[in-house]
Amino acid sequence: MDQILRTKSMQMTTESEFHSALDASVSGLKNLICDQLKLGLARDTETATPRDWWISTAKAVRTMLVERMLATQAKYYRQNVKRLYYFSLEFLMGRLFSNSLYGAGVFCEVEEALSRLGLDLEELRKEEYDMALGNGGLGRLAACFLDSLATLDLPAIGYGIHYEYGLFKQEFRNGYQVELPDAWLNYGTPWEIMRPEHATEIQLYGHVDNIFDNCGNYVQKWEGTKKIIGIPYDILVPGFGTQTVNYLRLWESRASEDFDLEAFNRGGYDEAVREKNHSETISKVLYPNDKTEKGRELRFIQQYFFVACSLQDIIRRFHKNNTDWEVFPEKVAIQLNDTHPAIAVVELMRILIDDYALDWEFAWSIVTRVSAYTNHTLLPEALEKWSVPLFQKVLPRHLQIVFDINAHFLEQVEARWPGDLEKKRSLSLIEEGEPQMVRMAHLSIVGSHSVNGVAKLHSEILRRQLFADFNTLSPGKFNNKTNGITPRRWLLACNPRLSTLITSRIGDAWIKDLEQLQALEPFADDSEFQREFMEVKLANKRDLAHIIEQECGMNVNPHALFDVQIKRLHEYKRQHLNLLHILALYRRLLQNPDLDTIPRVFIFAAKAAPGYDMAKCIIKAINAVAAKINDDPRVNKRLKIVFLPNYRVSLAQRIVPAADLSEQISTAGKEASGTGNMKLALSGALTIGTLDGATVEMQEEVGEENIFLFGLKVDEVAALLEKGYCPEEYYRNDEELRAVVDWVGSNYFTSNEPPGTLAPLRDNLIYQDPFLVLADFRDYSDCQQRIDLAFRDKAKWARMAILNTARMGKFSSDRTVAEYAREIWKLEAVPI
């Protein structure tokens, strides 16, 4: 329908003809929505609930997208094109409704059709559950990339897991995080398409026998295995301003034999469904707690399950048009999004040498030509390792192949560094110890033709420090691809007021080419544009204040500075540094009620991993301090703290447009990139941050005068750690710091709880402080004082905010994906 309207509008010569076609399109959509309500849901307009209307509207839009998807896939098949396959354990998609409307090109038409039905599109959007199949930046980046791939007409499929429960739903009880199931599929979703005809079967456990095959060759055979079925579900991903519709394919685990009727008939009811329940556990939950051996085994199986299913799917598709394995790398590119899919290197090797009897060297050349690896972390503890005993139990044949790959690789190491056992030890895929461990990052590097970081600084640290010897061995393999975000979700959809204002001045080309925002720069000194820009910000802040009142029962002043830190709760992201500054402000105000400070609302939103005790202690500390400050009439007109529960994409889309200040305060050298920094700056928030991750490049783009920087730099962090960091010295030598650290660790904020509730946080800071919070506190506090002064100058603040928005063009995921396609995947656009 959108294509028909577009074609008609091109042929029209009068405005009346255009409006007539528009009216016909709206009427057609109205009828399509009503048909879906009646025929799809068996409801009528009198009894339909808001959710019924939302589902009907979503299905109507999906109908249009399906037609485009079929045309897209048909052209890919006819032309036998090369495709990208993006492997990611996470896809943090959020809500799909608005982006699907924009992608289909019918947002305004659907809004008008619903209005004629007496419905409000904004209200219907609230009926959608977030598709929270991710934990943070990794999964959100994958979702942004899917949007950009389709918008750039690049043939691609995303592969992941169809989790029954997404990342947990978070509640606060007495200030503590409580995790509840995120049952996003309880009422189904209109966006997915089940594809049982493409079900795959994978193997687990068993043993390896050495046998002679029918040709007399001595081979390894994986036998006695347990079979698991993978059922694919497709989520359509439309491009913006194009006819391309790609898809995300998610795998759900099923038992190969659902029901044991014999056991049931003899009264073994639990036994009858045991196999079914066990098999379906694989796709049950995103990131099961891996503190236990069972949890680690399940997580390992999850990773193998989705890559094994996906590789079978890729090979099935390849064989539709091709028979020669030599052309496989010309038709297939696989991107490993972090180390979670690293087992794909081994599984593809197993398929080629065991199932297709390819020569080892030829098979390995295929694997390395199609595979590429993106590293997302600089934390050594976050680089995945799996124990050899676990490998032996779950994937015995794969362990043999890992050892074979390692033996071949160590021959290269020996050739480069003859007799250097230390080099072999540090580069080996196997970490010696009790037990031995398989290093998945090393496997990803060795098995890929490209290894990229996600910001210039991050990539440089990978080359110079974390993987320096690998870089020496294969210097052309390492490269940088600075992350980006999709402007369709993170400006057009989430900040419609600002989008409208921008378009009124420079047109709408920025939606597909974010560099066009540079045309806003001349307006930064325009007082009228400054006024309009800040009115948009104030309106967004009022919207967020309403949400805060609904969620937290708290009234906040929208004219106060909204100081925002929204991201995964981790010590290296240093939410506790923010908290110490809040306590310092609180203390100053108590000791000097006449202190001249701007009013601030500190806004947090974050989830801590269920097994991460210190992160959960930080959440408790923030909530405990918030309860005290928010209830203190001496300061609560100038200082408030909000911790919004259950952080998710849809909540981020309401916070981002309202932020004045963006907290990007990780320890320098610990954040790979960060994309929250980009989202907030794009909507005109100013950044306070360290020179870490992509914030370094943001400073280069927006200018040092339009960002607030503080703290130790990467080389200074390294020098301090090498010298021997003693946090207790900072604690002793700074009276204010000592006071607030002791304060938070006392029972002052937890008087109704057992003594020492927050003492672990205090002790961690004084005696360990692994992320240098105390070392950076004073500079951070001084920087916040500069922000206090800057916010008072409304014209200056508006100018800085406008320039932040105008200079975010580099940080579009369209730019990032285009670089991947050109330099790594060798992938060409296929316009539909």
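Contact means heavy atoms within 4.5 Å. The model is predicted, so local features need pLDDT of at least 70 and side-chain atom pairs pLDDT 80 or more, while totals for chains, interfaces and linings use all residues. Residues are numbered from 1 along each chain as its sequence is written, and side-chain values use heavy atoms, leaving out hydrogens and water.

**Exercise 1.** Determine whether Gln36 is buried or exposed, and list what it touches.

Solution. Start with the location: Gln36 lies in helix α2 (residues 15-41); helices are DSSP runs of H or I, at least four residues, numbered from the N terminus. Next, the relative accessible area of Gln36 is 18%. Buried means under 20%, exposed over 50% and partly exposed in between, with a 1.4 Å probe and protein chains only. Gln36 is therefore buried. Finally, setting aside residues up to four places away in sequence, Gln36 touches Leu41, Ser56, Lys59, Ala60 and Thr63.

**Exercise 2.** Check the length of helix α15 (residues 396-416) against its number of residues.

Solution. The expected span is 1.5 Å times one less than the number of residues. Buried residues of α15 include Pro396, His398, Phe409 and Val413.

**Exercise 3.** Describe how helices α30 and α31 pack.

Solution. Helix α30 (residues 735-745) and helix α31 (residues 759-767) meet at an angle of about 150°, with axes 7 Å apart. Axes are lines fitted to C-alpha atoms over the stretch in contact, and angles run from 0 to 180 degrees between N-to-C directions. From α30 come Val741, Asp742, Val744 and Gly745; from α31, Ala759, Leu761, Arg762 and Ile766.

Conventions
Helix = DSSP H or I, 4+ residues; strand = E, 2+ residues; numbered from the N terminus.
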